[in-house]
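Open your viewer and get ready to select residues by number. This tour tells you what to pick next and what is there.

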Amino acid sequence: MLNSLEGYRESEALAMSTRLRAAGHAPELVSAVLTQLKLREQAAAKFGPFAAHMILTRAGLEQATRMNVAAVHAGRFAGAGIRSVADLGCGLGADAMAMAALDLEVTAVERDETVAAAATINLMPFPNATVVSADAQEWVTAAQAGGTEPEGYWLDPARRVVSTSGSSRVFDPEAFSPPLSFVESLAERGIAVGVKLGPGLPHESVPVGCEAQWISVDGDVTEAVLWFNALARDGVRRSALVMSGPGAGPTPAGERSGHHELSAGTDFGGSPEVPVGGVQALTGYLYEPDGAVIRAGLVADLVRRDFDSAGGALLDEHIAYFRADGLVASPFARAYRIEAVMPFNVKGLRRWVQETGVGRLDIKKRGMAVTPEELRRQLMSGKGSKASKGSKGSKGSSRHATLVLTRIGEERVAVEVTPA
Ligand SMILES: C[S@@+](CC[C@H](N)C(=O)[O-])C[C@H]1O[C@@H](n2cnc3c(N)ncnc32)[C@H](O)[C@@H]1O
């Protein structure tokens, strides 16, 4: 029935349901089919054209790796010469599909029987993939005992717990399923292992000796991946892979189109010393690094590598924004021209809004306990009442301004910027 209903649009769901039920199909079946069609429509953002042929669950879709990112992970296995992989906790099988598409022999292990059934269908186009419904740890023990271990392991542990009050995110790597210690125990045996974790992974949880890679897609940091043994690149301890980044210019030779990577061989905290400007240096251009660069602790490395000759300097050792005299196009940071620097003070900023005719205001912040939406309301509220008293529509009140709030040492500043 699913295959016969291609080209579904949610707006037609009610009519379709009525038609199918009138044709004698059971209401449960019709409802299940419509749910799948709806999920497929939503899944297109992650899986592109593959979504139209997959069986999905809502939770599985939320947790699944985006297909373009899964392809990059799979490429690392293939590039390292790995021929067989077990995906331990495969979910709907997005990562496993990408690995199978690169001709790796894939065993996709999933504990949840319903999810494993969905993965079985999703992996059907690939004769080189097998789905096993089992506990990952038990499966590995049996494979070891039987001498049938694959050459590599991929894990994307569940980072949510489901309780009677719904599902919630867990942050302790030992509460992941399977836990990070299990991943480490696999890696300690010298096998190629990759594990996908949340982007908020604290640096102190990153095991010694692996490569940690943070990935962002269109400015959103999607994940951190730890690569062990044959999958860890020589001389790379931490890296940021920016896929279609903010100022993504030309792709360097040897890299995939739209992919830009910054890496360091030094451990966390081992970035080079770069100048720290302070408030007086707030001139020229302000740069906001991509989230993957920030999470990987590579801001100073970026300033040193690409902004040195442009007078690049951090604003404060603890704040990720930096500045430079000139405009440098970079896929790793968004540039803003600095227009004005003001002390952070609600009264003063309200006056600035009034006097300079700000009609639309974007607020960005780092290192400040401010809720941008709330502050915007506070700053613009006077405007609204004034506008309603008659100045509405006047040319002067339509200015679109961007304010960056940050802390430099003890000072809290508001910087007016224009995206460059
Ligand atoms: C984050 S999802 C994987 C998503 C998958 N990488 C994808 O892109 O579709 C994690 C999966 O691991 C499964 N899982 C958790 N603990 C497991 C265990 N001990 N053994 C096998 N599967 C497990 C969960 O049921 C869940 O489907």
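The stops below go from the whole chain to single residues.

**Before you start**

This is a predicted model: local features need pLDDT of at least 70, side-chain atom pairs count only at pLDDT 80 or more, and totals for chains, interfaces and linings use all residues. Residues are numbered from 1 along each chain, as its sequence is written.

**Stop 1: the whole chain**

Show the C-alpha trace. Along its principal axes it spans about 70 × 60 × 45 Å. Now switch to cartoon. The chain has twelve helices and 18 strands. Helices (H or I, at least four residues) and strands (E, at least two) are DSSP runs, numbered from the N terminus.

Colour by domain next. Domain 1 covers 3-39, domain 2 covers 61-234 and domain 3 covers 279-419. These bounds come from an automatic or database domain assignment. The C-alpha centres of domain 1 and domain 3 lie 49 Å apart.

How much of the chain is buried? Buried residues make up 37% of the 420 residues. A residue is buried if 20 or more other C-beta atoms lie within 10 Å of its own, exposed if 12 or fewer, and partly exposed in between; the C-beta atoms are placed from the backbone.

**Stop 2: the nonpolar core**

Select Ala96, Met99, Ala119 and Val293. In the largest nonpolar core, which has 106 residues, these four touch the most other members. The core draws at least three residues from each of domain 2 and domain 3. Such a core is a set of buried Ala, Val, Leu, Ile, Met, Phe, Trp, Tyr and Cys residues joined through C-beta atoms within 7 Å. In soluble globular proteins, nonpolar side chains tend to be buried together.

**Stop 3**

Select 94-101. Helix 5 is mostly covered, with seven of its eight residues buried. They are Ala94, Asp95, Ala96, Met97, Ala98, Met99 and Ala100. After the helix comes Asp103, with a positive phi near 75 degrees.

Stay on Met99. Leaving aside neighbours within four places in sequence, its contacts are Ala74, Phe77, Val85, Asp87, Leu104, Val106 and Trp154. A contact means two C-beta atoms, placed from the backbone, within 7 Å.

Move to Asp87, in strand 1 (84-88). Is Asp87 buried or exposed? It is buried, because 32 other C-beta atoms lie within 10 Å. Beyond four places in sequence, Asp87 touches Asp95, Ala96, Met99, Val106, Ala108, Val109 and Trp154. Asp87 and Tyr153 are 66 residues apart in sequence and 6.0 Å apart in space, C-alpha to C-alpha.

**Stop 4: the ligand**

The shell holds 22 residues, and the closest are Gly89, Gly91, Ala94, Arg111 and Asp156. A residue counts as near if its C-beta atom, placed from the backbone, lies within 6 Å. Helix 5, strand 2 (105-110) and helix 7 (136-146) each give two or more residues to the shell. By class, the shell has nine nonpolar, seven polar and six charged residues. Ala, Val, Leu, Ile, Met, Phe, Trp, Tyr, Cys and Pro count as nonpolar, Asp, Glu, Lys and Arg as charged, and the others, Gly among them, as polar.

**Stop 5**

Most residues other than glycine have a negative phi, and most peptide bonds are trans. Select Ser177 and Pro178. A cis peptide bond joins them, with omega about -5 degrees. Pro178 sits in the loop between strand 6 (166-169) and helix 8 (180-187).

Now pick Asp218. Its phi is positive, near 50 degrees. Asp218 lies in the loop between strand 8 (211-217) and strand 9 (220-228). Asp218 is exposed, because 12 other C-beta atoms lie within 10 Å.

**Stop 6: strands and a sheet**

Select 259-264, which is strand 11. Strand 10 and strand 11 run antiparallel, joined by six bridges. Leu241 has Glu261 as its bridge partner.

Seven strands form it in the order 13-14-12-15-18-17-16, with mixed pairing. Two strands pair if DSSP finds at least two bridges between them. Strand 13 (313-314) and strand 16 (358-366) stand at the edges with a single partner strand each, so one side of each has no neighbour in the sheet. Strand 15 (333-343) and strand 18 (411-419) run antiparallel and share seven bridges. Here Arg337 stands opposite Thr418.
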